[in-house]
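Look over the sequence and the structure before reading on.

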Amino acid sequence: MPHLALESVSLRYDGGAPVLSNVSLDIASGEFVVVVGRSGCGKTSLLNLAAGFLHPTSGRVLVDDRPVAGPGAERAVVFQNDALFPWLSTAENVAFAARLAGASAAERRLQADRALEIVGLAGLGDRPVWQLSGGQRQRVGLARALAAEPDFLLMDEPLGALDAMTRETLQDLLLQTWGRNRAGTLLITHGVEEALYLATQIIVMAPGPGRIIRRLDVDFGRRRLAGESARSIKASPAFVEAREDLLDSIFEREAA
Ligand SMILES: Nc1ncnc2c1ncn2[C@@H]1O[C@H](COP(=O)(O)OP(=O)(O)OP(=O)(O)O)[C@@H](O)[C@H]1O
Ligand SMILES: [Mg+2]
C-alpha cells in the first residue's frame, strides 16, 4: 500500500531559525490527515517537504521507504490559489501533466473530461478558465490533481478563498472523492470544523519552532460517507465538544 512518511524532519531556511523541529508524520492510502495550527507554525513548509519542493535540513521524507528527491507524479498538489494557466482551456489545464508527458490531444481530452465529471464540471472543458467562478476554478485545480490518479493528494488550504456555501459543497466533494479513490490525503486548513468534518487524523502544530503538539483520530467524515447528514453531524454534541477541544489545543488554552 502506498505510504508517505516524514521521519524526524527539521527545517531551516538559509541557516535561519528552525521552522520545523522533529516532525514525524505518516500518510497511507485511505487516510485523510488534516494539519491545523496558528499562522506561521510551518504548515505550508511541511506540505512543501512532502511534495518534494523543499528538502529537510535533517530527517527524511520517504515514499514507500525510498527517499523523495523532488516532486513526483504520485504526489499531486492543490494550491490555495488555483494556479491555473489562463491561456489554456479548462480541459487543457486539467490534462497539463499528460501534455508534458506527450499524451495525444484525444488522450488528454478523455482524461480531462473524466476528471471534470468527478468534480461536477462536466461539459465545461472548452471554457477558458477566466470565464469560471472562483469555486469552479478550485474544482479545476482539484480535477487537475485527480487526473493523474495520484497515490497522494497534498492540499494547502484549497478552500480558503471560497464563500461558506461553496466551501461546504466542496468539502463534501473532497470527502466523496477520497471515499472513492482512497488516495492518501494531506490537507492544511484554518477551519477547525473543516478539519473535523474531513479528517481521519488531525495533527495540531504549534509555532516557535513548528512542531506537532497533538494528534487525534476522528470519524465524522466516515459517518458522512456512511450517509449521515452534514447538519446532523455538525450539530451533534460529539462534534461540538471536539471543536472546542481542538480550539483549546490550537490556541494552547487551558481546557475548561
Ligand atoms: N521561503 C522562505 N524563506 C524563509 N522563511 C520562510 C520561507 N517560507 C516560510 N518561511 C518562514 O517559515 C515559517 C513558517 O512558514 P509557513 O508558510 O510554513 O507557515 P504556515 O503555518 O503555512 O502559515 P500560514 O497559516 O500563515 O499559511 C514562517 O516564520 C515563515 O516566515
Ligand atoms: Mg501556509
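The sections below cover the chain as a whole and then the surroundings of the ligand.

## Overall fold

The model is predicted. Its chain contains ten helices and ten strands. The radius of gyration is 18 Å, close to the 18 Å that the globule rule gives for 256 residues, so the chain is as compact as a globular protein of that length. Along the principal axes, the C-alpha atoms fill a box of roughly 55 × 45 × 35 Å.

## Contacts and surface

Of the 256 residues, 49% count as buried, that is, under 20% relative accessible area. Among the contacts with a separation of 6 or more, 66% are between residues 24 or more positions apart.

The chain has an accessible surface of about 11,700 Å². Carbon and sulfur atoms account for 52% of this surface.

## Around ligand 1

The residues around ligand 1 are Tyr-13, Val-19, Ser-39, Gly-40, Cys-41, Gly-42, Lys-43, Thr-44, Ser-45, Glu-157 and His-190. By type, this shell divides into three nonpolar, six polar and two charged residues. Helix α1 (residues 43–51) supplies the largest share of the shell, three residues.

## Polar contacts of the ligand

Which parts of Ser-39, Gly-40 and Thr-44 approach oxygen atoms of ligand 1? For Ser-39, an N or O atom of the side chain is 2.6 Å from an oxygen atom of the ligand. For Gly-40, a polar backbone atom is 2.8 Å from a ligand oxygen atom. Thr-44 has a polar side-chain atom 2.8 Å from an oxygen atom of ligand 1. Taken alone, ligand 1 exposes 640 Å², and the protein buries 56% of that.

Terms used
Residues numbered from 1 in each chain as written. Chains lettered and ligands numbered in written order. Predicted model: local features only at pLDDT ≥ 70, side-chain atom pairs only at ≥ 80, totals over all residues. Heavy atoms only, no water. Near = heavy atom within 4 Å. Polar contact = N/O pair within 3.5 Å; in protein donor to acceptor, adjacent residues only side chain to side chain. Areas by Shrake-Rupley, 256 points an atom, 1.4 Å probe, with all protein chains shown as cover. Helix = DSSP H or I, 4+ residues; strand = E, 2+ residues; numbered from the N terminus. Nonpolar A, V, L, I, M, F, W, Y, C, P; charged D, E, K, R; others polar. Rg over C-alpha atoms; globule rule 2.2 N^0.38 Å. Buried < 20%, exposed > 50% of the residue type's maximum accessible area, 1.4 Å probe, protein only. Contact = heavy atoms within 4.5 Å.
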